[in-house]
Amino acid sequence: MYIGSQNQLKAYDQYLMDHGYSIYELVDKASDCLKKHFMDYDQIGLLVGPGNNGADALSLGIKLANEGKDVKLYYIGNHQKFSAGNQFYFDICENNNLTLIELSDEKLDDFLKDLSVLDVM
């Protein structure tokens, strides 16, 4: 299996955006590709970083919640410093009352407890 580096993936994203795709279209395509891998699970946890991969996770969380899945979105860092694409999906999650949990040292024990009840993380 080939795994691209962060720089390669950024270059691919930039190439596609330079050729007419918006970041929102790329995020939507990525989350569509991932969704099928989670449909057999009911209790789902997703890790959300501050960049556009975090936007993929948030978009996926929205789609899974719309399918009736119990989704918890664990984000790292100050969400007000997220990429524009990530902030867009974060706001949708907030507006739709999805479970958003900031991962911090203080919440680590709660996170570890959640891991024991989630079907997939």
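**Chat about the pocket and a helix pair**

Modeller: Happy to go through this one with you; bear in mind it is a predicted model. Sorted by class, the residues lining the largest pocket are eight nonpolar, seven polar and three charged.

Colleague: Nice, and how much space lies in that largest pocket?

Modeller: The largest pocket holds about 410 Å³ of space.

Colleague: Which residues are closest to its centre?

Modeller: Those are Leu9, Lys10, Asp13, Asn52 and Asn53, out of 18 residues that line the largest pocket.

Colleague: And which helix gives the most to the lining of the largest pocket?

Modeller: That would be H1, which gives seven residues. Helix H1 (6–18), H2 and helix H3 (52–66) each supply at least two residues of that lining.

Colleague: Switching topic: at what angle do H2 and H4 pack?

Modeller: Helix H2 (residues 23–35) and helix H4 (residues 84–95) pack at about 65°, and their axes are 10 Å apart. Their crossing is right-handed.

Colleague: Which residues make the contact?

Modeller: From H2 you have Tyr24, Val27 and Asp28, and from H4 there are Ala84, Gly85, Phe88 and Tyr89. By class, the contact of H2 with H4 has five nonpolar residues, one polar and one charged.

Colleague: Where is glutamine 87, then?

Modeller: Glutamine 87 sits in helix H4.

Colleague: Does glutamine 87 count as buried or exposed?

Modeller: Glutamine 87 counts as buried, because its relative accessibility is 17% and the cut-off for buried is under 20%.

Colleague: What is glutamine 87 in contact with, leaving aside its neighbours within four places in sequence?

Modeller: With those set aside, glutamine 87 is in contact with His79, Gln80 and Phe82.

Key: Residues numbered from 1 in each chain as written. Predicted model: local features only at pLDDT ≥ 70, side-chain atom pairs only at ≥ 80, totals over all residues. Heavy atoms only, no water. Axes fitted to C-alpha atoms, helices over the stretch in contact; angles between N-to-C directions. Helix = DSSP H or I, 4+ residues; strand = E, 2+ residues; numbered from the N terminus. Left-handed = near helix turned anticlockwise from the far one by under 90°. Contact = heavy atoms within 4.5 Å. Nonpolar A, V, L, I, M, F, W, Y, C, P; charged D, E, K, R; others polar. Buried < 20%, exposed > 50% of the residue type's maximum accessible area, 1.4 Å probe, protein only. 1 Å grid on protein atoms, 1.4 Å probe; cavity = no way out; pocket = protein on both sides within 12 Å on 5 of 7 lines; lining within 4 Å. Points joined across faces, edges and corners; volume = space filled by probe spheres on them.
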